Amino acid sequence: MKRILLLGILMMMFFNLGNAKAVKIKKTREERKLERQEKKEDSKFKKQMKKFELEAVIKTNKGDISVFLYPEAAPQNVANFVFLAKNNFYNGLSFHRIIGNVLVQSGDPKGDGTGSTGYLVNDEIVDWLTFDSAGKVGMANTGPNTNSSQFFITVSPVSQLNGKYTIIGEIKSREDMSVLRLIRPEDKIVDIEIKGRKVDDFLTYFSTEVAQWEEILKQSR
């Protein structure tokens with residue numbers, strides 16, 4: 001009788017373990033399916049972002065600096081930059097930080113390196129965009145996930161910045177780089193014009209974020 005009882009318990013344990021293994025395999029398959037779906041949606045989103053072919057013309061008192069924008073790499077940070085530009089946030093702001101033959105920086109409403117929009121945007125750092133060549137447009141920060149309005153443009157390769165700052169764009173030509181090299185601390189941004197295909201539709205993909213940004217900007221003014 002004891003042997004029969006023991007055999008029954010062992011069979012139940014084996015059956016339960018088999019069920020647990022089956023559930024685990026099923027769960028893993030579901031997770032893989034979800035991951036594939038997320039990758040597919042992410043790829044589709046990136047392709048849509050790239051189709052906008054966004055550019056920015058940073059108009060300064062020394063001349064225009066044209067840059068390609070990369071919403072397929074940093075969608076929220078580019079959306080923030082476009083939002084601020086279209087709301088004239090950058091108009092009249094100075095280039096408050098100049099590091100000779102390294103970078104120029106602007107976007108601070110206070111003009112001393114401490115100003116911001118009042119809200120933060122998380123980092124979006126990708127492997128295929130680096131500071132290994134000059135002319136990259138990066139978001140300045142005070143640590144991880146603290147991007148706001150300040151941005152910088154590199155005048156030379158600065159590989160030590162890789163992985164620490166989000167890149168949103170890149171200078172288009174040598175002529176633009178020539179203008180960048182003329183920038184001095186007293187110079188200002190006159191205006192930033194956003195160009196591309198169906199530019200007005202771009203920010204509709206970020207309607208929730210834009211609504212939040214608008215509200216915070218109103219409160220800070």
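**Aromatic pairs and nonpolar cores**

Isoleucine 192 touches Ala56, Val57, Ile58, Phe81, Ala85, Tyr90, Asn91 and Phe151, leaving aside residues up to four places away in sequence. The model is predicted. The largest nonpolar core holds 44 residues. Within this core, Tyr90, Phe151, Ile192, Ile194 and Phe202 touch the most other members. Helix α2 (residues 75-86) gives the most to the core, with seven residues. A second, separate core has ten residues, among them Tyr70, Leu103, Phe131 and Ile167. In soluble globular proteins, nonpolar side chains tend to be buried together.

A search of the whole structure finds 14 aromatic pairs. Phenylalanine 52 and phenylalanine 202 form an edge-to-face pair, because their ring centres are 5.4 Å apart and their planes lie at 75°, over the 60 degrees required. This pair links distant parts of the chain, 150 residues apart. Phenylalanine 52 lies in the loop between α1 (2-51) and β1 (55-60), and phenylalanine 202 in helix α4 (residues 199-202). Phenylalanine 52 counts as buried because its relative accessibility is 4%, under the 20% cut-off. Phenylalanine 202 also counts as buried, at 0%. Phe52 and Phe202 belong to one aromatic cluster with Phe45, Tyr205 and Phe206.

Tyrosine 119 and tryptophan 213 have ring centres 5.4 Å apart and planes at 10°, so the pair is stacked.

How values were computed
Residues are numbered from 1 along each chain as its sequence is written. This is a predicted model: local features need pLDDT of at least 70, side-chain atom pairs count only at pLDDT 80 or more; totals for chains, interfaces and linings use all residues. Side-chain values use heavy atoms; hydrogens and water are left out. Rings of Phe, Tyr and Trp (its six-membered ring) pair if their centres lie within 6.5 Å; planes under 30 degrees apart count as stacked, over 60 as edge-to-face and the rest as tilted. Helices (H or I, at least four residues) and strands (E, at least two) are DSSP runs, numbered from the N terminus. Buried means under 20% relative accessible area, exposed over 50%, partly exposed in between (1.4 Å probe, protein chains only). A nonpolar core is a set of buried Ala, Val, Leu, Ile, Met, Phe, Trp, Tyr and Cys residues joined through side-chain atoms within 4.5 Å. Contact means heavy atoms within 4.5 Å.
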